[in-house]
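Subject: Structure handover

Hello,

Here is the structure I promised to pass on. Please load it before reading further.

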Amino acid sequence: MKDFLHSRINLNLFKFNVRNKKGLLFFYTLLLSLTFPVFIIVAALSGNGSNISNNEVLTSLILLTLMLILILVLTPFLFFNFLNTKKSVDVFHSLAIKKNDLYLTYLSLILFFVFVPLTISYWGGYFLAYNLTEVSFEMFHLYHYGRLLMVSIAVIAPSIFVIMNTGTLADSLIYTGILMIAPFVAFASFQAFAQVFIIGFGVSSGYSLTYLSPLVGLFTIVDSFKMPVDGHLVASYWLLLGIITNLFSLKLYKNWKSEMSEVPFSNKTFFPFVTSLFIGIVFVLLLALNINPNPKWAFLSIENLIIPIIVTYAMFLILFFLKDRSIDSIKKASKNYLILFVVIMVITTSLYFTQGFGYTYRLPKDDEIVSVEVSSQRSNLPFVAGNKVTIINPDEVKNIYNLHHQLIDQIKKDKDLFRDISSSDYVEPMFTPYQLFGDYSDVTIKYKLENNGKLNRTFKIPNEYHHLLLPLAQLESFKVTNNPIIDPSARLDSNRFTLYDSLFQKEYSFVESDDASIRKALYEDMIEMKHEEFYQANSKINFVLIYSFDGLPMQINIDARFKNTLKLLTPETLILNEDYDASNLNYAIVPSTVNPDNLLKHGISRNINQNFSMDITSPISEGITLHDALKYQDQLYDKQYDGKETFDVLLISIDYGQIAFPIVTK
């Protein structure tokens, strides 16, 4: 820092470079202008200026950002190219300019040759937008500009850092490329390894890349108002890292001697550190992607290790050859790779057998839990499509906590059964979406703790343990979230809802004045329903109620359990729709012996807002006529689940989607 503060820009050298590289300044301005101002001009000339909004302007700014990144990454090579030859280094270092001043002068030139074209293009584009389109000035236009300048300092830093550690242009370009893609490979490697091998790990947000790569940070700040990130924080973060990296590069440059030029690496520690780290994260990524679903201890099987070893060993040899420029480096490279391989295996094996050093088994303290959010990517009961259930009630929170505890106990007994990648994902015929995702359910538990603490876990739950989830459907939070119609505060897409018979051959609507009373009755019936009664319906389905919430069709199957509701469904409150056309309905039977949907074949119906494991056209379903379907009308149940008995299933294809009912013979 002291060296940097005492550095001064040499104005004569600065002016000399500006005069001699005016063409480069013009070229950069032209490149950036093609992505933004030209877009506004073309839109205005085509008569579409009035249709351009800030969203369209941001789209063109993304193109501007792409071009800016290319310029930021490559420009340092144009100004620090004198470091690639010994004669040039001797000439520049013989000038009456301190090294600190020389570095700061060229750093300033790089920023000048980027910021001037960027400023002209950015504000030139917005000036045209203000005058030729409906876009008007907003403060975030100024914020975006300032943030672009701040993060740009971080984008040029890796190129300069690599230049200060290498002595040839080729090596500088190769390792700049490696440093630029390393954050993406590291993120993918961490995600893949943790998801495959560490039980309970869920998908992390891609927004974390904003703080791993300045390239992503640059894109994020352009469109930050659409993303859950703080643009000021991102810009400040990368500005600070950019300054720190440049200070480190300045220190390296102070030690630069002419003999460091024209050799692959001027810093002895740079190559082994960067190469080993990069090869290591590539190995871990390939190890996770190449997981063989076959034997126990698949992690250590030769089938899993062979491809990562071959690919990364080849990459390691190539990088060593480029470093030494000699085929004789193979022996040395092989020895170093063996050491690297041992280190990688020690780390990954430790993570595997300890499940992330106890990550899988960690539970929050129950007295620190403020609330819990429970969700599922798949809509197996007790979930429906897209629902996230937030639980605040202490008694219900305790239920979730106990479920989490039960899952951990089962995982300790049989980790293999809970692996994210199951063998059915690969070896079974993938003719249905259900088998594509494997024979399991999933649940994500997000704890909000005191002092802004968080703890998130995602579990893939095999069918053998799905019964652990079923009691959740009886929690009031689940009932209200899964059935918005019983929530008085929920605003349905329409106050109207529709009733059908179980085969959807007749359609009814309610007398308008009875809508509120129906919702109240449904609430009372759902809340009063006990666990045994919920999963063991005591009669056939009388009606199917369909309504819309948040753009999605929702469904409740009404039978004898809905005592209060059925009292209101009388000829006086129901209006038969004479114009209803049921001719486009289709029916099919799926025998229990071939049904891949474990919950459905065990007596749990599938509603229109839940995932299906097959459809009418599935090769395992047998299409039937309405005449045949009518034979089953009195045998269609909502649920008849005990986890043991299996049932054939009737599939019904309607305008809203697909519905499936177990056929129960009593």
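Below is what turned up, from the whole chain down to single residues.

**Overall**

This is a predicted model. The protein chain has 24 helices and 13 strands. Of its 666 residues, 52% count as buried. The chain exposes about 31,300 Å². Carbon and sulfur atoms supply 61% of that area. Take the contacts between residues at least 6 apart in sequence: 76% of them join residues at least 24 apart.

**Salt bridges**

How many salt bridges does a search of the whole structure find? It finds seven. Asp559 meets Arg561 at 2.9 Å, N to O. Arg561 also meets Asp638, at 2.8 Å. Through shared partners, Asp559, Arg561, Asp638 and Lys639 form one network.

Are these four buried or exposed? Buried means under 20% relative accessible area. Asp559 is at 0%, so it counts as buried. Arg561 is buried too, at 4%. Asp638 has 5% and Lys639 has 8%, so both count as buried.

**Charged patches**

Two surface patches came up. The positive one is formed by Lys388, Lys446, Lys448 and Lys454. Lys448 belongs to strand S3 (residues 440–449). Its relative accessible area is 48%, so Lys448 is partly exposed.

The negative patch gathers Asp366, Asp367, Glu368 and Glu450. Glu450 lies in the loop between S3 and strand S4 (454–462). Glu450 is partly exposed as well, at 44% relative accessibility.

**Val664**

One more residue to check is Val664. It lies in the segment after strand S13 (657–662). With 4% relative accessibility, Val664 is buried. What does Val664 touch, leaving aside neighbours within four places in sequence? The contacts are Gln635, Tyr637, Gln640 and Phe647. Val664 and Lys540 are 124 residues apart along the chain, yet their C-alpha atoms are separated by 8.5 Å.

Best wishes

Notes:
Residues are numbered from 1 along each chain as its sequence is written. This is a predicted model: local features need pLDDT of at least 70, side-chain atom pairs count only at pLDDT 80 or more; totals for chains, interfaces and linings use all residues. Side-chain values use heavy atoms; hydrogens and water are left out. Patches are made of residues with over 30% relative accessible area and no salt bridge: like charges are joined within 9 Å, nonpolar side chains (Val, Leu, Ile, Met, Phe, Trp, Tyr) within 5 Å. Accessible areas come from the Shrake-Rupley method with a 1.4 Å probe; for residues, only the protein chains shown count as cover. A salt bridge is a side-chain nitrogen of Lys or Arg within 4 Å of a carboxyl oxygen of Asp or Glu. Lys and Arg count as positive and Asp and Glu as negative; His and the chain ends are not counted. The place of a charge is taken as NZ of Lys, CZ of Arg, CG of Asp or CD of Glu. Helices (H or I, at least four residues) and strands (E, at least two) are DSSP runs, numbered from the N terminus. Buried means under 20% relative accessible area, exposed over 50%, partly exposed in between (1.4 Å probe, protein chains only). Contact means heavy atoms within 4.5 Å.
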